[in-house]
Amino acid sequence: MLTSLQGKSVLVTGGTSGIGLGIAVGFARQGAKVAISGRQRDKVEAVASRLRDQGLAVTGLVADVAQREQVRQLVEQVVQAQGGLDVLCANAGVFPSAPLEQMTDADWDLVLDTNAKGTFLCVQAALPHLRRAAYGRVVLTSSITGPVTGFPGWAHYGASKAAQLGFMRTAAIELARDGITINAVLPGNILTEGLQGMGEAYQASMAASIPLKCLGKVEDIANAALFFASKEAGYITGQSLIVDGGQILPESLQALA
């Protein structure tokens, strides 16, 4: 059994939907004080209110993680509201599709600024507060796309997710001096709102390529984040954990026949 996270202060960026929301709910159900951030005020406030109605200790804050000053203010607001910061879940990310031949500078910059630069800015801003925690934890949401696999239209996304892991490995060495760990979860195909909107036939076709024959749940990613944030994971840093139901393993669909 893992040591309780009761009362721990957690920030989940991009926590208003999908995997981020699943991570936030996972921590809140373990008794943590959770702040979620997003760029759309109405959505942030609506999601935070809904979670509080469920009895969860959740605060909603507005920030664009690609903007240094907004990130600084976000972290300060979390510290003031929750009495410190123990766990940073750098989850915020965007994934617009653009074929390589048609990809613009703006397309590239949006994804790299949000996914890679945003990770850097959040970790940097959180560091002074994580140092004061009993044990500071950083959990990144990367992806199998980029570090392990590729997908048409996501060259910029794949680059950003691979960049997160390169950043993580050196950050782990520097953060270790203060007893802070940083690790990454690499989700495969997870059943989020976006996939639900694609219909059951599409979901079934995706599940067919996964050895476990099902899409992952946001709770699967939350459980991995909870482990990395635990006291018991204190000797693990600079590591990545693939959570994909075995998706990356088959050489072809024939291997699953």
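1. Phenylalanine 120 lies in helix H4. Helices here are DSSP runs of H or I with at least four residues, strands are runs of E with at least two, and both are numbered from the N terminus. Phenylalanine 120 is partly exposed, at 31% relative accessible area. The terms work as follows: buried is under 20% relative accessible area, exposed is over 50%, and partly exposed is in between (1.4 Å probe, protein chains only). Beyond its neighbours within four places in sequence, phenylalanine 120 is in contact with Arg68 and Phe167. Contact means heavy atoms within 4.5 Å. Phenylalanine 120 and phenylalanine 167 are 47 residues apart in sequence, yet 7.7 Å apart from C-alpha to C-alpha.

2. A word on the basis of this note. This is a predicted model, in which local features need pLDDT of at least 70 and side-chain atom pairs count only at pLDDT 80 or more, while totals for chains, interfaces and linings use all residues. Residues are numbered from 1 along each chain as its sequence is written, and side-chain values use heavy atoms, with hydrogens and water left out.

3. Now the whole chain. The protein chain has 8 helices and 7 strands. Its radius of gyration is 18 Å, close to the 18 Å that the globule rule gives for 257 residues, so the chain is as compact as a globular protein of that length. That radius is taken over C-alpha atoms, and the rule is 2.2 Å times the number of residues to the power 0.38. The C-alpha trace spans about 50 × 45 × 40 Å along its principal axes.

4. Packing and surface come next. Of the 257 residues, 49% count as buried. Among contacts with a separation of 6 or more, 73% are between residues 24 or more positions apart. The accessible surface comes to about 12,400 Å², and carbon and sulfur atoms hold 52% of it. Areas come from the Shrake-Rupley method with a 1.4 Å probe; for residues, only the protein chains shown count as cover.

5. Charge: the chain has 20 positive and 21 negative side chains, and the centres of the two sets lie 8 Å apart. Lys and Arg count as positive, Asp and Glu as negative; His and the chain ends are not counted. Each charge is placed at NZ of Lys, CZ of Arg, CG of Asp or CD of Glu.

6. Back to helix H4, residues 105–132, which holds asparagine 115. Is asparagine 115 buried or exposed? Asparagine 115 is buried, because its relative accessible area is 0%. A polar atom of its side chain lies 2.9 Å from the backbone nitrogen of valine 94. A polar contact is a pair of N or O atoms within 3.5 Å; within protein, one must be able to donate a hydrogen and the other to accept it, and residues adjacent in sequence count only if both atoms are side-chain atoms. Leaving aside neighbours within four places, asparagine 115 is in contact with Ala92, Gly93, Val94, Tyr157, Ser160, Lys161 and Gln164.

7. Aspartate 113 also lies in helix H4. Aspartate 113 is partly exposed, at 33% relative accessibility. Its C-alpha is separated by 8.6 Å from that of serine 160, 47 residues away along the chain. Aspartate 113 touches Ala66 and Gly118, not counting residues up to four places away.

8. Two loop residues deserve a look. Phenylalanine 95 is in the loop between strand S4 (87–90) and H4. Phenylalanine 95 is exposed, with a relative accessible area of 51%. Phenylalanine 95 touches Trp154 and Tyr157, residues up to four places away not being counted. Threonine 145 sits in the loop between strand S5 (137–141) and helix H5 (155–175). Threonine 145 is buried, at 10%. Its contacts outside four places in sequence are Phe151, Trp154, Tyr157, Gly158 and Lys161.

9. Glycine 18 is in helix H1 (residues 18–29). Glycine 18 counts as buried, at 12% relative accessibility. Glycine 18 touches Thr192, Glu193 and Val218, not counting residues up to four places away.

10. Last, check lysine 213. Lysine 213 is in the loop between helix H7 (200–207) and helix H8 (218–229). Its phi is near 60°, a positive value in a residue other than glycine. Most residues other than glycine have a negative phi. Lysine 213 counts as partly exposed, at 46% relative accessibility.
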